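Below is a short report on one protein chain.

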Amino acid sequence: MNNDLVKGELSADQQNAVLGLIGQIQSLLPFLIDLNAEERRALPKLGDKSRAFVDQGLVLAVQNPGILPRNFDLDEYQRDVTLVRQLEPLVLALAQLQGRLEDTFLAAGSDAYSQTLLVYQAAKLAGKNGALEQHLDGLSRRFARKSTSTTGQATSTTAH
């Protein structure tokens, strides 16, 4: 089945231009960090309810700085809250773009795979001859099956 979900081309110049723009974005945001999975899990998360909590906390802290511990950096707190507000539209826009890129990548891969199946089937129907045999052998490796018997001996069968 040929769905042909994606119709598009990406020239080397376009790919390089996009990669250059991504590099520019990264250079404009030199404070970006990388967290590993454990660090991500350990951090408290800022969801919708937490956002209101943070906003109210900031108002309370700004209006009543005398209640804060001496080592509390109110300016840094304000910068953090501001940065969250500034990053949010960027995160949302890039998440949307990433989603579309991933969907297009998935669809183009599906198109390519489906079309390759058609090529493989056509080549099989054309029969093995000197010109096709090497290609058919290479394509058939995708469907090679390895099974293990209960005695632990591995056997291999190849679908052609």
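R51 counts as partly exposed because its relative accessibility is 25%, where partly exposed lies between buried (under 20% relative accessible area) and exposed (over 50%), with a 1.4 Å probe and protein chains only. The side chain of R51 meets that of E88 in a salt bridge, at 2.3 Å from N to O. This pair links distant parts of the chain: R51 sits in helix α3 (residues 48-63) and E88 in helix α4, 37 residues apart. A salt bridge here is a side-chain nitrogen of Lys or Arg within 4 Å of a carboxyl oxygen of Asp or Glu. E88 is also partly exposed, at 34% relative accessibility.

The model is predicted: local features need pLDDT of at least 70, side-chain atom pairs count only at pLDDT 80 or more, and totals for chains, interfaces and linings use all residues. Residues are numbered from 1 along each chain as its sequence is written, and side-chain values use heavy atoms, with hydrogens and water left out.

**Overall layout**

The protein chain has 5 helices and 2 strands. From the N terminus on, the order is α-α-α-α-α-β-β. Helices (H or I, at least four residues) and strands (E, at least two) are DSSP runs, numbered from the N terminus. Of the 160 residues, 8% count as buried.

**Helix α4**

Helix α4 covers residues 74-126, which makes 53 residues. At 1.5 Å a residue it should span 78 Å, and its end C-alpha atoms are 76 Å apart, which agrees. The expected span is 1.5 Å times one less than the number of residues.

At the start of α4, a side-chain oxygen of D73 reaches to within 3.2 Å of the backbone nitrogen of D75. Further along, α4 bends by about 30° at L87. The bend is the angle between axes fitted to the seven residues ending there and the seven starting there. After α4 comes G127, with a positive phi near 90°.

Which residues of α4 are buried? They are L74, Y77, V81, A107, D111, S114, Y120 and A123.

**Salt bridges**

The count comes to 4 salt bridges. Side chains of opposite charge can pair when their charged atoms come close.

| Pair | N to O distance | Relative accessible area |
|---|---|---|
| R51 and E88 | 2.3 Å | R51 25%, E88 34% |
| D55 and R85 | 2.7 Å | D55 30%, R85 46% |
| E76 and R79 | 2.8 Å | E76 31%, R79 47% |

D55 and R85 meet in a salt bridge through their side chains. This pair, too, links distant parts of the chain: D55 lies in α3, R85 in α4, 30 residues apart. E76 and R79 both lie in α4, 3 residues apart, about one turn of the helix. An α-helix has 3.6 residues a turn, so residues three or four places apart point the same way.

**Nonpolar patch**

I25, L94, L97 and L101 form a nonpolar patch on the surface, with about 370 Å² of accessible area together. Patches are made of residues with over 30% relative accessible area and no salt bridge; like charges are joined within 9 Å, nonpolar side chains (Val, Leu, Ile, Met, Phe, Trp, Tyr) within 5 Å. Accessible areas come from the Shrake-Rupley method with a 1.4 Å probe; for residues, only the protein chains shown count as cover. The largest share of the patch, 3 residues, comes from α4. L97 lies in α4. L97 is partly exposed, with a relative accessible area of 47%.

How values were computed:
A polar contact is a pair of N or O atoms within 3.5 Å; within protein, one must be able to donate a hydrogen and the other to accept it, and residues adjacent in sequence count only if both atoms are side-chain atoms.
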